[in-house]
Amino acid sequence: MNTNINIRLKPNLLRQLEQKKRTLNLDTEAVISKALEDYFYFDRINDLREGMKFKAKELGFETEEDIFNAIS
């Protein structure tokens, strides 16, 4: 089921949205849906990454570089 929402955009966001619509030849709904999908995907990745930091520290890794060096 789809739900309609109304949002207010600052002028600069509206300009960027209009430009992206033209560049990708998509409608407003498609661009905003894609932007939200991307946002939630990367937000989930960041949450997982933050959660893994604690486990990495338990295993003796202090930085992402330490992990990279261990697997390289």
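Start with Lys55 and Glu58: both sit in helix α2, three residues apart, which is about one turn of the helix. In this predicted model, their side chains meet in a salt bridge, at 3.8 Å from N to O. Side chains of opposite charge can pair when their charged atoms come close. Glu58 is exposed, with a relative accessible area of 62%. Lys55 has 49%, so it counts as partly exposed.

Helix α2 holds another such pair. Lys53 forms a salt bridge with Glu50, and the closest N and O atoms are 3.1 Å apart. Again the spacing is three residues, about one turn of the helix. Lys53 is partly exposed at 40%. Glu50 is also partly exposed, at 40%.

Now move to helix α1. Here Glu18 and Lys21 meet in a salt bridge of 3.4 Å, N to O. They are separated by about one helical turn because they lie three residues apart in α1. Glu18 is partly exposed, at 29%. Lys21 is buried, at 18% relative accessibility. In total, the structure holds six salt bridges.

How do the two helices meet? Two packed helices are described by the angle between their axes and the distance between the axes. The axes of α1 and α2 (residues 28-58) come within 9 Å and cross at roughly 105°. That makes α1 roughly perpendicular to α2. Leu17, Lys20 and Lys21 of α1 make the contact with Thr28, Val31 and Ile32 of α2.

Last, look at the surface. Ile5, Ile7, Leu9, Leu13 and Leu14 make a nonpolar patch of about 460 Å². Ile7 lies in the segment before α1 (11-24). Its relative accessibility is 52%, so Ile7 counts as exposed.

Definitions and conventions: Residues numbered from 1 in each chain as written. Predicted model: local features only at pLDDT ≥ 70, side-chain atom pairs only at ≥ 80, totals over all residues. Heavy atoms only, no water. Patch = residues over 30% accessible without salt bridge, like charges linked within 9 Å, V, L, I, M, F, W, Y side chains within 5 Å. Areas by Shrake-Rupley, 256 points an atom, 1.4 Å probe, with all protein chains shown as cover. Salt bridge = Lys/Arg side-chain N within 4 Å of Asp/Glu carboxyl O. Helix = DSSP H or I, 4+ residues; strand = E, 2+ residues; numbered from the N terminus. Buried < 20%, exposed > 50% of the residue type's maximum accessible area, 1.4 Å probe, protein only. Axes fitted to C-alpha atoms, helices over the stretch in contact; angles between N-to-C directions. Parallel < 35°, antiparallel > 145°, perpendicular 65-115°, else oblique. Contact = heavy atoms within 4.5 Å.
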